[in-house]
Amino acid sequence: MVQAVLSHSLSRALLRTLAIGMLAFAIFGPITNMLLWAVAEVWYFPHKLLLEYGFVFWERVFRPEGNATEALFSSVWIAVLTVVVSLAIAIPAGYALARGKMPFRYLVMLLFLLPQAFPAVAVHMNVARTFYGLDLNGSVAGVVLVHASQGLVFAVWIATAAFAAVDGELEAAARNMGAGRWRTFVDVTLPLALPGIMASAIFVFLISMDEFTGTYFVGAPEVVTLPMLLFTSSMEGNYQIASISSLILLVPSVGFMLVIERFLKADVLANVGN
Amino acid sequence: MSGHSMSVGPGRMGAIMLVAPALLMIGFLFLYPFGYSVISAFTDNGEGSWHLSNFVKAVEFYSKDILFTIAIVTIATALIGILAVAIAGYLTLGENKIAITVLKWLYRWPLFIPFIVSAQLMRTFLAKNGMMNNLLTSSGIIELLAAQSYLDWRGIVITFVWKQTPFVALLVAGAMASIDRTTIDAGRIFGASRLRILIELVVPQIATTLMVGLILSYVVMLSVLSVPLMINAQSPTMLTVDMAWRINSYGDYGVANALGIMSYLFTGVVAWFYLRQSLKDKRA
């Protein structure tokens, strides 16, 4: 009897370990495979492991004029500009949606969600067409606009939630003490909403860093961001450069995973979309 | 005088002015191109009378890919649903603390990995000399020479499931954590197995959250260009690849937009289901 229970619980533990082991392989297998390619110099079928490894490709892509260095700089530059544009638009909008007497507020909030609700490719190819007429195709400005439009729903919704979480009594107190509307906003409301605004900035930065479809239609071939470099080198069969670009793109994403909970507080999170 | 007597927020006009730039952006970069895509699909690039010849051509050339796209997103959505419920279910009902901790740490990783990177990871992982085949041949499940590349429809499904399951699992686990534990305890007292408790007691209570997560994933899968482009761009492939091809190789906006309208319709169908369900929930 005792033996039967023991062997039952033992087989359960074995099953559990096996299931978790398989999940770990499914999740980390592809990542490990990419890491191997990032240091591979010679590797072909049917060899299971690298034939030669080293950092030759790293040197090649990270030279001052190497293509990864250039792509990384243009990606970061575009992402920074996208954050600036998004915040310039989202902060006033979020403030008005949280505090103002906005007519049709619910519909307006929903409107920002629309670009996420339709397949992006079908829309972006027509944006590219419009941009041809405006000479924005293949320009950084065009790419920034497309990236900002994709991040807008997150920027506006999170900013709205952040402003809504600010205690209205504090603003009223500042006003009662004679501070003007602008002064109240700059000295009281904005600093209190800042962690939420930072979270939306990080969100938008990452969306821009990782964006592919819009850049593919609007920016290529003139604007080469990291995702575009990854794509073209992978299609040419240059898995080393593609894997090194992947690895660079993973750094901000994983960093984000580690810090997001610090910025996006529960009281803001509970308000998103309201 | 109460603290709220002096209004702190902007008035009606002020609010409209503050939101205006954001609305302009949506109008210029979404509503206008969206409207154009509809007009272009039913005309000759926006000129002349309305007709359906773009759709006739689209079906003629790409009927296989239309079915292929529906099959891929349907299979992937179903798999994501099953895996997400399994993961979230174990996090909620599991009894082994170590296993729960490990699982919690493990399952989220792909959530933060961009689609284009996921596609590249799978391009190497699922290839003929990738680690997937290494595992299968080393463990003796298949012969080395029988190793094949998985970079076809299976690769697309695997990549989508790998990338989207954590997102749905995260939502569902959150919903499961906040349901009423008494029903679960009651089920336990009556001796129901954990699988039965999960399927019959827990899942019905989080069905709406599960549906929202699956619908969002479904739309994302219909939108993503990089995954089908990098895993399998040869026919049969997904409509996103066909649209890009139609434009880059032929400058044919008519047929490309006709395909685009079809992809709007695919998402429209699930949006309709969702709205119907949420109306029902509200009435209940």
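In this predicted model, helix 4 of chain A and helix 6 of chain A cross with a left-handed sense. Helix 4 covers residues 105-117 and helix 6 covers residues 140-164. Their axes lie 9 Å apart, and the packing angle is about 140°. Angles over 145 degrees would count as roughly antiparallel. The two helices of chain A are therefore oblique to each other. Helix 4 of chain A contributes Phe112(A), Leu113(A), Pro115(A) and Gln116(A) to the contact. Helix 6 of chain A contributes Ser149(A), Gln150(A), Leu152(A), Val153(A), Val156(A) and Trp157(A). By class, the residues of this contact are 7 nonpolar and 3 polar, with no charged residue.

Phe104(A) sits in the loop between helix 3 (67-99) and helix 4 of chain A. Its phi is near 50°, a positive value in a residue other than glycine. Phe104(A) counts as exposed, because it has 10 C-beta neighbours inside 10 Å. Asp135(A) occupies the loop between helix 5 (120-134) and helix 6 of chain A. Asp135(A) is not a glycine either, yet its phi is positive, at about 65°. With 10 C-beta neighbours inside 10 Å, Asp135(A) counts as exposed.

A further loop of chain A contains a cis peptide bond. The bond runs from Ala220(A) to Pro221(A), and its omega is near 0°. Pro221(A) belongs to the loop between helix 9 (213-219) and helix 10 (226-235) of chain A.

Chain A as a whole has 12 helices and 2 strands. Along the sequence the pattern is α-β-β-α-α-α-α-α-α-α-α-α-α-α. The chain comprises 274 residues, of which 45% count as buried.

In chain B, helix 2 (residues 53-93) packs with helix 6 (residues 153-177). The angle is about 40°, and the axes are 7 Å apart. Angles under 35 degrees would count as roughly parallel. Helix 2 and helix 6 of chain B are therefore oblique to each other. Their crossing is right-handed. The residues of the contact divide into 23 nonpolar and 3 polar, and none is charged.

The contact between the two chains draws 79 residues from chain A and 68 residues from chain B. On the side of chain A that touches chain B, helix 1 (residues 2-38) of chain A supplies the largest share, 13 residues. This side of chain A has 54 nonpolar, 16 polar and 9 charged residues.

The model scores ipTM 0.84 and pTM 0.87. For chain B the average pLDDT is 87, and 95% of the residues score at least 70. Over residues 1-6 of chain B, however, the pLDDT is below 50. Beyond near neighbours in sequence, this stretch of chain B has 7 contacts in the model.

Technical notes: Residues numbered from 1 in each chain as written. Chains lettered and ligands numbered in written order. Predicted model: local features only at pLDDT ≥ 70, side-chain atom pairs only at ≥ 80, totals over all residues. Helix = DSSP H or I, 4+ residues; strand = E, 2+ residues; numbered from the N terminus. Nonpolar A, V, L, I, M, F, W, Y, C, P; charged D, E, K, R; others polar. Buried ≥ 20, exposed ≤ 12 C-beta atoms within 10 Å, placed from the backbone. pLDDT = per-residue confidence, 0-100. Axes fitted to C-alpha atoms, helices over the stretch in contact; angles between N-to-C directions. Parallel < 35°, antiparallel > 145°, perpendicular 65-115°, else oblique. Left-handed = near helix turned anticlockwise from the far one by under 90°.
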